[in-house]
Amino acid sequence: KTKFHWIPNGVSLAEVSAKEPLSVEVLQQLSQDKFIVGYTGTIGIANAIDDLIKAAHLLTHLPDIHFVLVGSGKEKQEMQNKVQDLKLTNISFIDSIPKKQIQSMLENFAVCYIGWQKNPLYRFGIAPNKLPEYLYAGKPIIHAFSGKGDVVQQANAGITIEAEDPQAIADAVIQLYKLSDFERSVLGNNGHQYVLQHLEY
């Protein structure tokens with residue numbers, strides 16, 4: 001242990017605080033009156049986007065809740081086809097935006113989502129770029145993860161559920177939706193403070 005030191009992914013405060021505003025074109029694609037569950041990053045199977053789509057399908061009876069997926073990826077078209085096949089109107093896809101605009105995008109989310117597949121590799125922990133960015137944004141996080149070293153749990157910044165379980169994602173969305181704005185802001189602020197204390201470059 002004396003020869004080992006873990007340096008996690010984190011955020012540069014100078015970078016995340018110097019955020020650029022979203023373009024008018026992108027803002028027009030965001031529903032202003034909805035409870036947005038958002039994701040930014042690669043749209044793919046490894047990121048458990050198919051599980052999020054299935055969860056959205058389970059929540060079509062709640063018109064206030066809308067899912068926004070921001071990014072690109074080789075499986076994006078396949079995911080868009082899936083949404084069309086299921087005739088879902090509660091999911092929007094937005095093309096990739098510059099990294100400097102990510103915090104401006106996250107401001108529009110009520111909840112941030114990050115998911116994984118069940119993979120034995122994750123018993124050693126994880127360090128995705130987007131997790132510190134989500135935490136810094138001060139939004140509660142739904143973390144679909146089966147592994148060790150769960151920062152969302154450590155920071156008490158949201159809800160962690162088993163990976164590959166769309167029903168659990170849907171239940172977590174409803175749980176956060178039913179909280180008051182203040183209760184959600186407490187979870188978000190927990191994450192923000194955790195970044196400042198532990199994940200700042």
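Buried means under 20% relative accessible area, exposed means over 50%, and partly exposed is in between, with a 1.4 Å probe and protein chains only. Keep that in mind for what follows.

Two notes on the source. This is a predicted model, where local features need pLDDT of at least 70, side-chain atom pairs count only at pLDDT 80 or more, and totals for chains, interfaces and linings use all residues. Residues are numbered from 1 along each chain as its sequence is written, and side-chain values use heavy atoms, with hydrogens and water left out.

Start with helix α4, residues 76-85. Helices here are DSSP runs of H or I, at least four residues, and strands are runs of E, at least two, numbered from the N terminus. Which residues of α4 are buried? K76, M79 and V83. They sit on the same side of α4, because they cover an arc of only 65° around the axis. That arc is taken from the directions from the helix axis to the C-beta atoms. The face turned away from the buried side carries Q84 and D85, both exposed.

What do the buried residues of α4 pack against? They pack against α3 (49-58) and β3 (91-94). Contact means heavy atoms within 4.5 Å. Just after α4, K87 takes a positive phi of about 55°.

Now strand β3. S92 is found there. S92 has a relative accessible area of 18%, so S92 is buried. Leaving out residues up to four places away in sequence, S92 touches Q29, H66, F67, V68 and L69.

Last, P21. P21 is in the loop between α1 (13-17) and α2 (24-27). P21 counts as exposed because its relative accessibility is 66%. With residues up to four places away in sequence not counted, P21 touches Q101 and S104. P21 and P98 are 77 residues apart along the chain, yet their C-alpha atoms are separated by 10 Å.
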